[in-house]
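Keep the sequence and the structure side by side while reading.

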Amino acid sequence: MSDPMQQRPSGPADSLWLRKRKQLLRVKAALSDFTARSPARLALGAFLLVITLFTALLSAPFASASGEPTALHDALFTAVSAVCVTGLTTVSTAVHWSFFGQLILLVAMFIGGLGILTIASLLSLAVSKRLGVRGKLVAQSSMNTAATSTLGEVGSLLRVVILTAITLQGLLSLLLIPRFYVLGESPLSAIWHGVFYAVSAFNNVGFTPHSNGLVPYEMDLWILIPLMLGVFVGSLGFPVIMVLAAHRLNHRRWTLHAKLTLLTTTILLLSGTVLWLLFEWNNQRTIGGEDVGEKIVNALFASVMMRSGGMNLVEPSDMQPVTVLLTDALMFAGGGSASTAGGIKVTTIAVMFLAIFAEVRGDKEVRAFGRRLPESTMRVAISVVVLGATLVAVAVGALLVIDDTLSFQRALFESISAFGTVGLSMNVSAELPPEGKYVLSALMFAGRIGSITLASALTMRQRDTLYQFPEERPIIG
């Protein structure tokens, strides 16, 4: 094959061709340097690029069932909700969008579920053909898996993550498709709904392709159990899934991250089920008129979905105020790190409580499962909690200003659902004016990238100092 340089034009066009080639090389070098030096900003740019692309696609006439272009604020909101795996909607997923529109949502959910650092790493590989040391460190720390002991294995790890996501969603589809067919759907419709629900469940999105949601299947365990399993497994995170796949029930070989995630997730799941059941037991608007078995199924389903799944069998607006408060707390907690779930993450909660217990006992170190937690981990956990609470507070204030008829409870519920990328709604999103939808779109975006990017950025920005200031302790509490 001949050298492209030997095929360049001759004459006056020669110098112009050389200048353009040098410009392209400089642009490529700049992009390569950017992806190597700033993986956090790369992640931010990658997600913005993906959201812009899907907003444009959803705005197109072919994406809507009516054949008319979708308003920008609705297209943007839906694109952000899908890519940030939230599930909040301003228009009906089943009614407003055409088949192509729903297919666009399906692809957006899958891409968003991979996570911003995975997307950023893949973009870095596409641009510069390499991750670079910083990019590998961020990808490695985000996965937090002991199996990846060397930076050279990070590229293989990314491939494993993608293949794992495809495999698990494929298995969920195989569980759901036969049931939809048995219930009377055509083969093509059963396949489509099975795949859509599988992707929506595993990625903790909550979009439903049926106009009446899960109401027709509210006691169909052949549908509910796969959905719960998909949401639960997806919320654990790829690091935990890979540890379980490698070591199964040999808990002695589990990483500290896997142990904390599984323990905290189990506590939240069980306590959420029991409390939801107690609070709603006699509520005639929800489960008060059902038998004991149906009440337990509803409570378990609600507990799984409240932390990020976003699907519901009862309307949140029909729940007791204390149940709404419980839901707010679980939505804010979220799921596992490097997972398809949102929130501040269960390991953040575990680290915070471990630090509190250590302080109460007077221990100088924070320990868990025979391991000592570094102080930097506790600083990151505090930063994530404060950042999340601040974002929610600002969003609630903005919504109350934009719509003065909105109650504080509904504004808080919708804001936490957006930040936690949950998708449960009191129908606030659909009722808000465009300004309010932009606020929630920004909050969903911040909730999806905020805590992960902040944690990664703080991890990469540690620096040593050559001196220390005198120590003085302020009064706390």
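A surface patch is built from residues that have over 30% relative accessible area and no salt bridge, and nonpolar side chains are joined into one patch within 5 Å. The model shown here is predicted. In this model, F62, F99, F100, L103 and V107 make a nonpolar surface patch of about 480 Å². One of these residues, F100, belongs to helix 5, which runs over residues 99–114.

Charged side chains come next. Across the whole structure, a search finds 7 salt bridges. One of them pairs R179 with D220, and their closest N and O atoms are 3.0 Å apart. R179 sits in helix 8 (residues 154–182), whereas D220 sits in the loop between helix 9 (187–202) and helix 10 (221–236), so this pair ties together parts that are 41 residues apart in sequence. The partners fall into separate accessibility classes, for which the cut-off is needed: a residue counts as buried under 20% relative accessible area and as partly exposed between that value and 50%. R179 has a relative accessible area of 23% and is therefore partly exposed. D220 has a relative accessible area of 10% and is therefore buried.

A second salt bridge links E431 and R410, with an N to O distance of 3.1 Å. E431 lies in helix 18 (residues 428–431) and R410 lies in helix 17 (residues 408–419), so the bridge ties together parts that are 21 residues apart in sequence. Both side chains belong to partly exposed residues: E431 has 46% relative accessibility, and R410 has 23%.

Some salt bridges share partners, and in this way R361, D363, E365, R367 and R372 are joined into one network. Within it, R367 forms a salt bridge with D363, where the closest N and O atoms are 3.8 Å apart. R367 is partly exposed, at 46% relative accessibility. D363 is partly exposed too, with a relative accessible area of 25%.

Helix 17, which carries R410, also has a helix packed against it. Helix 14 (residues 321–333) and helix 17 pack with their axes 9 Å apart, at an angle of about 25 degrees. Why is helix 14 described as roughly parallel to helix 17? Angles under 35 degrees count as roughly parallel, and the angle between helix 14 and helix 17 is about 25 degrees, so helix 14 is roughly parallel to helix 17. The crossing in which helix 14 passes helix 17 is left-handed.

Several pairs of residues can be followed from sequence into space. A389 lies in helix 16, which covers residues 375–402, and is partly exposed with a relative accessible area of 38%. A389 and I416 are 27 residues apart along the chain, and their C-alpha atoms are separated by 9.1 Å. A201 is in helix 9 and is buried, at 0% relative accessibility. Between A201 and M109 there are 9.9 Å in space, C-alpha to C-alpha, while the two are 92 residues apart in sequence. I356 is found in helix 15 and counts as partly exposed at 44% relative accessibility. The C-alpha atoms of I356 and V366 are separated by 8.9 Å, and these residues are 10 residues apart along the chain.

The loops hold two backbone details. Although K345 is not a glycine, its phi is positive, at about 85 degrees. K345 lies in the loop between helix 14 and helix 15 (346–361). Is K345 buried or exposed? With 4% relative accessibility, K345 counts as buried. F369 is not a glycine either, and has a positive phi of about 50 degrees. F369 lies in the loop between strand 1 (366–368) and strand 2 (371–373). At 44% relative accessibility, F369 counts as partly exposed.

Definitions and conventions. Residues numbered from 1 in each chain as written. Predicted model: local features only at pLDDT ≥ 70, side-chain atom pairs only at ≥ 80, totals over all residues. Heavy atoms only, no water. Patch = residues over 30% accessible without salt bridge, like charges linked within 9 Å, V, L, I, M, F, W, Y side chains within 5 Å. Areas by Shrake-Rupley, 256 points an atom, 1.4 Å probe, with all protein chains shown as cover. Salt bridge = Lys/Arg side-chain N within 4 Å of Asp/Glu carboxyl O. Helix = DSSP H or I, 4+ residues; strand = E, 2+ residues; numbered from the N terminus. Buried < 20%, exposed > 50% of the residue type's maximum accessible area, 1.4 Å probe, protein only. Axes fitted to C-alpha atoms, helices over the stretch in contact; angles between N-to-C directions. Parallel < 35°, antiparallel > 145°, perpendicular 65-115°, else oblique. Left-handed = near helix turned anticlockwise from the far one by under 90°.
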